[in-house]
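Subject: Structure handover

Hello,

Here is the structure for your records. My notes on it follow below.

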Amino acid sequence: MSNIGSYEEKYKSFNWKDSEKELEYGKDGMYNIGYYCSDRICEKGFGQKIAMIWEGFTGEVKKYTYDDIRIYSNCFAKFLQDIGVNPGDRICVFMDKIPELYISFLGVLKMGGIVQPLFSAFGEEALFTRLDNAKTKAIFTTRKHLGKVRRIRKTLPEMTKIIVLDAGEKPLENDELSFDMAKMPKVDKFDIFKASPETPSVLHYTSGTTGTPKGALHVHSSIISQYITAKWVLDIRPDDIYWCTADPGWVTGTSYGIIGAWANGVTQTVLDAGFNVSHWYDFIDKYKVTVWYSAPTAIRMLMKEGDAPVKAHNLSSLRHLISVGEPLNAEAVVWSEKVFGKPFLDSYWQTETGSIMISNFPGMKVKPGSMGKAVPGITAIVVDPKTYEPITKPGLVGLVALKPGWPSMFRTYWQNKATYDGKFKNGWYICGDRSSIDAEGYFWFVGRDDDVINTAGHLVGPFEIESALLEHEAVAESAAVGKPDPINMEVVKAFIALKPGFEKSSDLEMSIMNFIRKKLSPLAMPQEIEFVASLPKTRSGKIMRRLLRAQEWGEEIGDISTLEND
Ligand code: WT7
């Protein structure tokens, strides 16, 4: 029997108060996520239970109990206090998927700071944009990524604390600080910041069509949503070995790679290594992973290698498989059922929603290719893109809309209330995705309603790429669009008009690609560049990305007179 039991029954009887009670949220006036993910589990008698089994790319293994997580996160919280970081300050954690990332995330929350996780593969420009926007006070990083931080810190006057994990013997520069977790005196008792349910907790940056990336601000009570969905959708149970493959630089890696997992007191595994088919199967086999939360691009890469590598491993420990981030094609669902004996179940949500909104549940009939149904506690519909009135006819495509009010809903975009307000229409939160709903209430994803590129489950904003492209000496104008890709769903393609005096060549193409990879990230790097004489524009001079995108997808361009008037 699954944790949720009957989906229909739970959807009908759902009440957030019941989830709060189960989590004992607010007992003794305590609302801090840091407490619920470590101290509470220890108080319940599971201090010696393994919270995290970590494996690095060299094969090195480290294990941490819940008591270790509690004590080490206390250490980091105290360290931050001692160096003058205050509640409400933004503290960025910027490192690979190493144990200290997970632990310091909780440490920041325990002292009342707002934790800002950033993907460690970000280049200095992507990093700068997000630190500058958040007016981040402190950054916790490693030697590997310190160079990027040093190159931009002079332009970030608010960022006065640079904390280096593995400083070692080599001297640090200027006022950089060393925090060597293993060598710090253990802090057994820490006075956890008395957050209220509405105290800001996590700031995750996400890309939009226009403007720079936006910081979706979450609050401590988000844990109620993350706890109950980890329990019901991921079906996490006390004896599970859970593996969330996402990086905490992205919301899946924090909502379900830290908060939802540890609030449920589960043992989780972390693999800090690049993707490799047999390495992944070895990992499942070695640690006897039971619950696996991953993404369609990874599943398609596994599928591409076929059934033989699956058969070469013992994967019989797997009990429950869930996917998120991009459309999970029906073939991948059918294939996973064939080779693993259970299908990957699709789940749908966003950085802004903080937790899963629509999903397939254990025990529910699976329709391959569908995202499933609304999570208990969530009212999800589709609305007309012009009037924002609900569409009631099954099968008609509209915009996915959610009734605001669940705990993990973002509270604003950092310093950008206008954009936040613009996301609400007719009392609905508009996700920006197109979908239909069938007669049985299943959602069928159609596509995004904007120009944001979803590559391998990661959103990249065309504006950020185009702005960076313009910094290249040869680029006069550019447009970045998503181009179909059999594995990554979309990859970035750039259309570029060169400045006078520059000629197209494969060297120039490589130079532009590398320029973006270094400045932004490997995800944002165009996989293809098309040099053009000029770019199609509206009468008001705006580049018509949609036209270029439609060409890439072989779609009907339709009536471009509206585009021209954009
Ligand atoms: C966007 C949100 C929170 C998960 C990680 C991504 C797309 C997400 C699905 C799905 C089709 C999906 C949507 C959404 N997306 N899940 N199951 N099927 N598309 O978080 O970076 O904020 O991206 O990812 O377009 O709006 P994110």
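With which side chain does the side chain of lysine 365 make a polar contact? The partner is glutamate 440, and the distance is 3.2 Å. Please keep in mind that this is a predicted model, so every value here is computed from predicted coordinates.

Lysine 365 sits in the loop that runs between strand S15 (358-359) and strand S16 (373-374). Its relative accessible area is 48%, so lysine 365 is partly exposed. Setting aside residues up to four places away in sequence, lysine 365 touches Glu440 and Tyr442.

The ligand

The ligand is surrounded by 18 residues, and the closest are Asp346, Ser347, Gln350, Thr351 and Asp433. By type, the shell around the ligand consists of eight nonpolar, six polar and four charged residues. At least two shell residues come from each of helix H9 (251-263), strand S14 (344-348) and strand S22 (443-448). The most is given by S14, which contributes three residues.

- Glycine 325: a backbone N or O atom lies 3.2 Å from a nitrogen atom of the ligand.
- Glutamate 326: a polar backbone atom is 3.4 Å from a nitrogen atom of the ligand.
- Arginine 448: a polar side-chain atom lies 3.1 Å from an oxygen atom of the ligand.

On its own the ligand has 560 Å² of accessible area, and the protein covers 96% of that.

Cysteines

How many disulfides does the structure hold? The count is zero. Cysteine 92 is in no disulfide, and the nearest cysteine sulfur, which belongs to cysteine 244, is 19 Å away. A disulfide needs the two sulfur atoms within 2.5 Å, so cysteine 92 does not form one with cysteine 244. The relative accessible area of cysteine 92 is 0%, so this residue is buried. Cysteine 431 also counts as buried, at 2% relative accessibility.

Glutamate 464

Is glutamate 464 buried or exposed? Glutamate 464 has a relative accessibility of 13% and therefore counts as buried, the limit being under 20%. The residue belongs to helix H15 (residues 462-470). Apart from neighbours within four places in sequence, glutamate 464 is in contact with Ala126, Thr129, Arg130, Ser207, Pro213 and Leu520.

Asparagine 174 is located in the loop between strand S6 (161-164) and strand S7 (177-178), and at 70% relative accessibility it counts as exposed. Tyrosine 388 is placed in the loop between strand S17 (380-383) and strand S18 (398-402). With a relative accessible area of 21%, tyrosine 388 is partly exposed.

Regards

Technical notes: Residues numbered from 1 in each chain as written. Predicted model: local features only at pLDDT ≥ 70, side-chain atom pairs only at ≥ 80, totals over all residues. Heavy atoms only, no water. Buried < 20%, exposed > 50% of the residue type's maximum accessible area, 1.4 Å probe, protein only. Near = heavy atom within 4 Å. Polar contact = N/O pair within 3.5 Å; in protein donor to acceptor, adjacent residues only side chain to side chain. Areas by Shrake-Rupley, 256 points an atom, 1.4 Å probe, with all protein chains shown as cover. Helix = DSSP H or I, 4+ residues; strand = E, 2+ residues; numbered from the N terminus. Nonpolar A, V, L, I, M, F, W, Y, C, P; charged D, E, K, R; others polar. Contact = heavy atoms within 4.5 Å.
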